Amino acid sequence: MKNTAKKTLSLVLAFLMILGLFPTMDVTAHAEAEETWSGDVVATTRDISGVELTADTTLTIPKDVQLSVSNGIKTNGYTLTVVGEDVEKSKLFVSGTDGGFGADGLEDSGDGAEAGGAGGNGGVGITGNVVINGAWVTVIGGYGGNGGRGGDGMEGGCDADSARGGKGGDGGDGGAAVYGNVTVLAGHLWAMGGRGGEGGRGGDGGEFFYWDDEAQDMLDAKGDNGEPGIGGSQGAHIIGTINGVSTADSGGLTITPAPTVAVTGITLDKTSATLTVGGTETLTATVEPDNATDKTVKWSTTGGVTLYTDADCTPGNEVGTDATSTLTVYAKGISAGSATV
């Protein structure tokens with residue numbers, strides 16, 4: 001009774017498709033987004049089923065927080081910037097939607113056993129451009145769905161073709177981990193395309209009868225089993241660029257920029273100077289070590305005399321607005337006093 005109902009449903013759907021009353025199906029996995037993001041978003045430890053951006057978004061992940069997003073993140077042309085407070089303990093895990101399993105084929109009803117349905121393709125983990133700054137980001141493409149099992153051959157017939165099992169459905173392809181451009185300012189990225197689905201098993205051959213001239217009798221035999229389906233391909237790891245360079249799809253990727261080198265000291269080329277009226281003085285700061293990541297020097301002054309960075313001593317150009325290693329200062333000659341730079 002169950003098989004009869006399945007056959008009837010299959011015939012009805014086929015008839016509706018012929019009439020154009022039932023849409024053909026997209027075998028790539030899709031899912032509705034549970035949340036939309038825009039502007040500034042602070043992560044908490046939780047699981048989300050799908051995210052879409054409606055504007056450029058900065059996702060801040062505090063220390064000891066892991067945000068998990070299944071069914072992927074779509075940026076919709078905007079940029080997602082992921083900022084972590086602790087590169088080892090601020091984590092984002094994203095996975096694409098898994099493809100659906102193919103339907104099993106029906107048993108032979110006189111026209112041959114049905115092949116199993118193809119598995120659905122996995123969805124992309126992150127679609128669009130991503131900037132990573134101080135966070136640990138793991139992205140996996142959705143898994144391809146397994147192919148359906150081929151239908152079994154007819155039992156008790158007199159035809160070897162009707163007794164042959166149906167072919168197994170092909171497995172779906174895995175989804176890409178990232179489809180877009182990735183910029184890693186600081187932190188880690190690990191990206192892996194989703195695995196392909198397994199091909200479905202071929203249907204079992206049925207028992208059939210045939211006339212044997214030599215024996216002058218009806219003999220029984222078993223029909224051939226159906227061929228297995230072909231497994232799906234693994235998805236690409238990254239389709240796009242990493243830090244502006246096109247990447248070859250060669251395996252899971254871990255990207256760790258060079259560690260930040262902290263400043264250990266700053267020295268001036270002179271400890272004091274006396275400015276005459278209309279005079280100038282040039283100070284040069286040396287930042288140690290020489291390979292420090294950020295060697296920017298910001299100047300400030302204290303004391304009773306205001307120093308300027310232009311010869312006209314224009315208000316608004318007081319020392320403290322520049323960020324260079326060498327500074328030339330000017331002072332108005334209107335009063336005696338001192339200033340510490």
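Which residues touch the most other members of the largest nonpolar core? In this predicted model, the core comprises 30 residues, and W37, L59, I73 and L92 are those that touch the most other members. Two or more residues of this core are given by each of β1 (35–42), β2, β3, β4, β5 and β7 (182–192). For W37, the contacts beyond its neighbours within four places in sequence are I48, V51, E52, L53, T54, A55, T57, L59, L67, I73 and L80. Among these partners of W37 are L59 and I73, which also belong to the group of core residues touching the most other members.

The protein chain as a whole contains 2 helices and 19 strands. Of its 341 residues, 37% count as buried. The accessible surface of the chain amounts to about 18,600 Å², and carbon and sulfur atoms account for 52% of this area. Among contacts in the protein chain with a separation of 6 or more, 66% involve residues 24 or more positions apart.

Strand β3 (residues 65–84) pairs with several other strands. Strand β2 (residues 46–61) runs parallel to β3 and is joined to it by 11 bridges; within this pairing, T58 stands opposite T81 of β3. Strand β4 (residues 90–95) is likewise parallel to β3, with 5 bridges between the two, and S90 in β4 is the bridge partner of V65. A parallel pairing over 7 bridges connects β3 with strand β5 (residues 126–140). With a relative accessibility of 1%, T75 counts as buried. Apart from its neighbours within four places in sequence, T75 is in contact with L53, L80, T127, G128 and N129.

Of its 15 residues, 11 are buried, so β5 is largely enclosed by the rest of the structure. Strands β4 and β5 run parallel and are joined by 5 bridges, with V139 in β5 as the bridge partner of V94. Strand β6 (residues 178–179) is also parallel to β5, and 2 bridges link the two; here T127 stands opposite Y179 of β6. Between β5 and β7, which again run parallel, there are 10 bridges, and V182 in β7 is the bridge partner of V130.

Aromatic pairing was also examined. A pair of aromatic rings is described by the distance of the centres and the angle of the planes. The structure holds 1 such pair. The ring centres of F208 and Y210 lie 6.3 Å apart with the planes at 45 degrees, so the pair is tilted. F208 is buried, its relative accessible area being 10%, whereas Y210 is partly exposed, with a relative accessible area of 31%.

How values were computed
Residues are numbered from 1 along each chain as its sequence is written. This is a predicted model: local features need pLDDT of at least 70, side-chain atom pairs count only at pLDDT 80 or more; totals for chains, interfaces and linings use all residues. Side-chain values use heavy atoms; hydrogens and water are left out. Rings of Phe, Tyr and Trp (its six-membered ring) pair if their centres lie within 6.5 Å; planes under 30 degrees apart count as stacked, over 60 as edge-to-face and the rest as tilted. Buried means under 20% relative accessible area, exposed over 50%, partly exposed in between (1.4 Å probe, protein chains only). Two strands pair if DSSP finds at least two bridges between them. Helices (H or I, at least four residues) and strands (E, at least two) are DSSP runs, numbered from the N terminus. A nonpolar core is a set of buried Ala, Val, Leu, Ile, Met, Phe, Trp, Tyr and Cys residues joined through side-chain atoms within 4.5 Å. Contact means heavy atoms within 4.5 Å. Accessible areas come from the Shrake-Rupley method with a 1.4 Å probe; for residues, only the protein chains shown count as cover.
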